[in-house]
Amino acid sequence: MASSTPAPARPEDERLPFGQLVVYGTQHILTMYGGLIAPPLIVGSAAGLSSPDIGLLVTAGIFISGLATLLQSLGLGPFGARLPIVQGISFASVSTMVSIASHGGVRPVFGAILVAGVIGVIASSFFAQLVKLFPPVVTGSIITVIGVSLLPVAFDWALGGVGAKGYGNPSNIALAGITLLVILVISRVFQGFVSRLSILIGMIAGTLIALPWGKADFSAVPHGKVVSFPPVFGLGTPVFDAGAIVAMTIVVFVIMTETMADIIAIGQIVETPVDHRRVANGLRADMLSSTVAPVFGAFPASAFAQNVGLVAITGIKSRFTVAVGGGVLVLLGLVPIFGRVVAAIPAPVLGGAGIVLFGSVAASGIRTLSRVEYKDNLNLVVVAVAVAMGLVPIARPHFWDKFPTGVGVVLDSGISAAAATAVLLNLFFNRWQSLTNPNPSVFAAAPDERGNTLPSES
């Protein structure tokens, strides 16, 4: 009698054949690679670094992201959520790092990250206790804003990448559209293994189509070192500046808010329990990686929301898939020639894939909101105001410019703004019972004659 392998107790513990792990893991890395290399390019340019030094930032970022992904997905003691979460260099820290680097170079940036990272590790356990403040009305609002806030990145890629020659050229948009079309056709026509590879196949097809258009340039691939270990303090030892440390500490708490939202989101997608202990382990891994990052010349790492979207699209819930992807990132960090190959993927191709990925994150949030009870309460107001606050930095990027730096750092991130708003409004309307009213306002939902939920009349 043939023995059967028992199903894992948790969906994320499923062990797939090695070949599938490699393919799906590589798809995760291709999905986030463009976003991964962007922060070091932006900060390095602001600091006035040379091209070789910026290359060190990029390589170090890839290497640290790989180690962080392995720690987050596989776990080590109290570090790691042990969920299919991909870690990468955080976009939330870019504006603050640019501000610091433009005045003092990257050394004060590294010093600020070291101190702020240690503070984040210490605060992780307390911060994770806040998970009880994230019911579906809160998490649904946050996840929706995560997806919507990422869409402008996909649109910029579809236009050719900000600052790129030919930005906005119709041919770039056409290439993004073709990539998107390939992904949609494969998702519709095929099933199973092939359908789950739709993002990867679409990106490969888009890159091949871009070659005769002259939009994919692989000429730089043969040049440079084949194998290289990121040097320790290769760009100088850290400099500790009080103002930079305060600003980066605020950013660290923003990153922790975003990572906590991503951990909760991936738990809902995978359909596995996520309690405060698991959130604390995830935040602890996040902060440990961020603390070690400047030693190798890298920046803070955080969970990548686009890969949350990829899990939702493919249905591949195994954390070991992501772990293999983390191993691929480590190799890319040690073997720069592989990184140069992946870096040659045209921005419009990334844009076409990003529309599906980031849109799916927003759709996951909407799905969560559909399970929220809206009858005789003010959950509609919670969702409406939280989403609106999250969209402020997208619709009006300079909205908070006149406010103190600390306010701007927090509210310029739509994700943290939506999280803070949703949590506070949920407490105000749903948790503080002394303020509860059985028919609070015109915005409270009530069933119509057919049983459908509609805003009640005052």
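In which hand of crossing does H6 pass H8? The crossing is right-handed, a term used when the near helix is turned clockwise from the far one by less than a right angle, with anticlockwise being left-handed. This is a predicted model, in which local features need pLDDT of at least 70 and side-chain atom pairs count only at pLDDT 80 or more, while totals for chains, interfaces and linings use all residues. Residues are numbered from 1 along each chain as its sequence is written, and side-chain values use heavy atoms, with hydrogens and water left out.

**Helices H6 and H8**
- Helices here are DSSP runs (H or I, at least four residues), numbered from the N terminus.
- H6 covers residues 170–189 and H8 residues 198–213; they pack at an angle of about 145 degrees with axes 8 Å apart.
- The axes are lines fitted to C-alpha atoms over the stretch in contact, and angles run from 0 to 180 degrees between N-to-C directions.
- Residues in contact (heavy atoms within 4.5 Å) include Leu175, Ile178 and Val182 of H6 and Ile201, Ala205 and Trp213 of H8.
- By class, this contact has 13 nonpolar, six polar and no charged residues; Ala, Val, Leu, Ile, Met, Phe, Trp, Tyr, Cys and Pro count as nonpolar, Asp, Glu, Lys and Arg as charged, and the others, Gly among them, as polar.

**Helices H4 and H10**
- The axes of H4 (residues 106–128) and H10 come within 8 Å and cross at roughly 175 degrees.
- That makes H4 roughly antiparallel to H10 (angles over 145 degrees).
- Among the residues that meet are Ile113, Leu114 and Val118 of H4 and Leu283, Met287 and Ser290 of H10.
- This contact has eleven nonpolar, seven polar and one charged residues.

**A closer look at H10**
- H10 (residues 276–292) has 17 residues and should span 24 Å at 1.5 Å a residue, which agrees with its end C-alpha atoms being 24 Å apart; the expected span is 1.5 Å times one less than the number of residues.
- Because 13 of its 17 residues are buried, H10 is largely enclosed by the rest of the structure (buried means under 20% relative accessible area, with a 1.4 Å probe and protein chains only).
- Ser290 of H10 counts as buried at 2% relative accessibility.
- Leaving aside neighbours within four places in sequence, Ser290 is in contact with Ile113, Pro300 and Ala301.

**Helices H15 and H17**
- The axes of H15 (residues 379–395) and H17 (residues 414–431) come within 8 Å and cross at roughly 160 degrees.
- H15 and H17 are therefore roughly antiparallel to each other, and their crossing is right-handed.

Key. Helix = DSSP H or I, 4+ residues; strand = E, 2+ residues; numbered from the N terminus. Buried < 20%, exposed > 50% of the residue type's maximum accessible area, 1.4 Å probe, protein only. Parallel < 35°, antiparallel > 145°, perpendicular 65-115°, else oblique.
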